[in-house]
Structure formats: structure tokens, C-alpha cells
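Please read these notes with the model open beside you. The points are numbered so that each can be checked in turn.

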Amino acid sequence: MKLKTRSLFFACRGGIAIISAVTLLATVCLARDDEKTLVPTSAAPASASAPTAPVTPGQLKITQNIPYVTGGGERQMLDVYANPDPKAPLVIWIHGGGWVGGSKSPCPAVVLLNRGFSVASINYRFSKTAKFPAQIEDCKAAVRYLRAHARELGINGDIIGVAGASAGGHLVSLLGVTGNIKTFDVGENLDQSSAVQAVVNIVGPSDLARFDGYPNKGITKVVEDLIGGPLKANAEKAKAGSPITYITKDAPPFINLYGKKDDIVPYEQGEILDKALKDAGVDTTLKVYPEGTHSLPQESGKLMLDFLEKHLLKK
């Protein structure tokens, strides 16, 4: 398969501005109980210090709309933003949207190109047409594809971190804790690992069963749509879809970012995940912002960047 590639850059002082200077803006969507449609909210806007590895005009290689599953449609495609340095660690962005909306593009994580990373952004099947575990199966298929085709894409398939917000936070957490579990590895490139080396979880659900009876009934409905039925009658499905179910000492480092005033994904979901990771001996950090909602304050960005640099760039 011949992939279409092109260079894309926006000139600015000190290198390249990808989408918006050095701002990490994760757009996430989840339905509120008083709104029938998806509501976009911003999670984790981030400002960063000056780039450590500036990308100069013309160096950035982008390969878009790559089918990571043979015969897969739009929801099983990914984009790759390759850093000029083929040894640069790869960070995969997984978008939010309540497992029923959102898109790989625009990708907020492309700002990481100026921090010495390559970036990929993936779509996955929505729960309206494919129930769990389709979503994590897609994410794992994408990781395996990227490793299998790393050379032609100009990326480093050996060092991979993942970042995602809300529903994307749920999926990156699942990727992190199931690296050595083959249950969700189905399809192609099964000779490749779907394990990742670092996880940035932004306001992601970690224990789906706890949304049963949650005051925001719209969110409970979104979770029930994901697993295919009411939580009370589908306890095993809720357990199978929860990151806390799979935690072992082999999980990679995590950073978990939440807002104390979040009425979509309560910060307790972060506390539960962080405690379970700690109990298993995993390197984990939890930050709960007292005034944070489903959108986190700007300073959260520096924590993410520091975390990724510590655990990926120094490998």
C-alpha cells in the first residue's frame, strides 16, 4: 500500500507553530443529562516552555488517513506526524467524545513535535455501531500497525507513550494496563506488541460500575451504551471495560489528571485508579485540580510534558 505523505508547517519565531504555538488543547465531548447532543469542552489546555527540539519548516512529514485495519472504514484510520529525528519517541493521541463522537483531527498533541516527539492520532469505532471491546481492540490494532510500519512512516516503534482525554483517557488507561494481556489483541500484526511505555490519562473513567446511580444520568447512559446495556444487569461487562480490572505491577508509569468540580467524570475515578496502581507497585502520579471541571487549568500542560520527557525521552 502506497501512503500519501506531505509536509505541513506554519512558520513562527523559534521554529514551527502546529495548530497553536505550544498549547496542548484536548477537545473532549460527553453528553450532560440536560443536553441531548455531545457538548465539546476543553480538557487540559497547556502552556509549555521553549521547545527543546524545534522543528524547522519543511522537516515535518505527515501521513494521513492510514487504514490500520485492512478494509476498515473511516473509524479505523490514523494520522502520523513524524519528527525529523526517526529515533524520537512516539506519542499516540486518543480523542474523547463519550465513545460516540470525536475525531483524530485536529490533533492537539502535535505540539509535542517541538518537544522531541513524533505523534500519531487515531480514530476508533463508536459505541453506536460497535460495543465494547471494539474500541480497545481498535486502539491495540493501531499500536501494532504503527510498530509494524514504523520504518516506512519514519517513526520509532520501540518507545511509545499514549495520551487521551475523557473517553480517550479511559482507552489509554486500558492500553497501559493490558500490555501483557492478549484478550484484546485481535486481527492483524499480531507479531507486534500493543504494550506502551507511558500513559497520560486526562479525566478518564476507570471503574465503569461506579456510574450506576451517578447523578449525571446522561453520563450513565453513555457508559451503558458502551457496554451494551444497563450497568446493574451487566456487571461483568462493566468490569471487563474498566481499567482497574487489569492492573498488575507490569503496567507502565501513569499520570492521572482530574478536576474536583468535574460533573462528567468525577475525580474519584482518578483516585480509584491511582490507588490501585500504587497498590500494585506502579509508578503513578495523581493531580486533582480544586477548581478543575471537565476542563483542566493551563498549568496541567507542564505536568504532562515533564512526565513524557522523563519517561520517554530519557529512555
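This is a predicted model: local features need pLDDT of at least 70, side-chain atom pairs count only at pLDDT 80 or more; totals for chains, interfaces and linings use all residues.

1. A disulfide is a covalent bond between the sulfur atoms of two cysteines. Cys107 counts as buried, at 1% relative accessibility. Cys139 is buried too, with a relative accessible area of 0%.

2. Overall make-up. The protein chain has seven helices and 13 strands. Of its 315 residues, 58% count as buried. Consider next the contacts between residues at least 6 apart in sequence: 77% of them join residues at least 24 apart.

3. The core. Which residues touch the most other members of the largest nonpolar core? They are Leu78, Val80, Ile92, Ile94 and Leu146, in a core of 84 residues. Helix 1, residues 134–148, gives the most to this core, with seven residues.

4. Ile94. Leaving out residues up to four places away in sequence, Ile94 touches Ile122, Tyr124, Cys139, Ala163, Gly164, Ala165, Gly168, Leu171, Val172 and Leu175. Cys139 in that list is the buried cysteine of point 1.

5. Helix 1 against helix 3. The axes of helix 1 and helix 3 (residues 167–177) come within 10 Å and cross at roughly 65°. The crossing is right-handed. On the helix 1 side the contact is made by Gln135, Ile136, Cys139, Lys140 and Val143, and on the helix 3 side by Leu171, Leu174 and Leu175.

6. Ser121. Is Ser121 buried or exposed? It is buried, because its relative accessible area is 0% and the cut-off for buried is under 20%. Ser121 is found in strand 9, which covers residues 118–122. A polar atom of the Ser121 side chain lies 2.7 Å from the backbone oxygen of Lys104. Apart from its neighbours within four places in sequence, Ser121 is in contact with Leu78, Asp79, Trp93, Lys104 and Cys107.

7. Ser118. Strand 9 also holds Ser118, which is buried with a relative accessible area of 0%. Which residues does Ser118 touch, not counting those up to four places away in sequence? The list is Tyr81, Ala82, Asn83, Ala88, Pro89, Leu90, Val91, Leu113 and Ile155.

8. Helix 4. Helix 4 (residues 217–227) is largely enclosed by the rest of the structure, because nine of its 11 residues are buried. The buried ones are Gly218, Ile219, Thr220, Val222, Val223, Glu224, Asp225, Leu226 and Ile227. Just after the helix, Gly228 takes a positive phi of about 95°.

9. Ile247. This residue sits in the loop between helix 5 (235–240) and strand 12 (254–259). Setting aside neighbours within four places in sequence, Ile247 is in contact with Val177, Leu273, Ala276, Leu277 and Ala280. The C-alpha atoms of Ile247 and Gly281 are separated by 9.9 Å, and the two residues are 34 apart along the chain.

10. Backbone points to check. Most residues other than glycine have a negative phi, and most peptide bonds are trans. Where are the cis peptide bonds from Ser105 to Pro106 and from Phe132 to Pro133 placed? Pro106 is in the loop between strand 8 (90–94) and strand 9, while Pro133 is in the loop between strand 9 and helix 1. Omega is near 0° for the bond from Ser105 to Pro106 and near 20° for the bond from Phe132 to Pro133.

11. Asn65 is not a glycine, yet has a positive phi of about 55°. Asn65 lies in strand 6 (residues 61–67) and is partly exposed, with a relative accessible area of 45%. Asn189 likewise has a positive phi of about 55° without being a glycine. Asn189 is found in the loop between helix 3 and strand 11 (198–202), and with a relative accessible area of 22% Asn189 is partly exposed.

Notes
Residues are numbered from 1 along each chain as its sequence is written. Side-chain values use heavy atoms; hydrogens and water are left out. A nonpolar core is a set of buried Ala, Val, Leu, Ile, Met, Phe, Trp, Tyr and Cys residues joined through side-chain atoms within 4.5 Å. Buried means under 20% relative accessible area, exposed over 50%, partly exposed in between (1.4 Å probe, protein chains only). Helices (H or I, at least four residues) and strands (E, at least two) are DSSP runs, numbered from the N terminus. Contact means heavy atoms within 4.5 Å. A polar contact is a pair of N or O atoms within 3.5 Å; within protein, one must be able to donate a hydrogen and the other to accept it, and residues adjacent in sequence count only if both atoms are side-chain atoms. Axes are lines fitted to C-alpha atoms, for helices over the stretch in contact, and angles run from 0 to 180 degrees between N-to-C directions. A crossing is left-handed if the near helix is turned anticlockwise from the far one by less than a right angle, and right-handed if clockwise.
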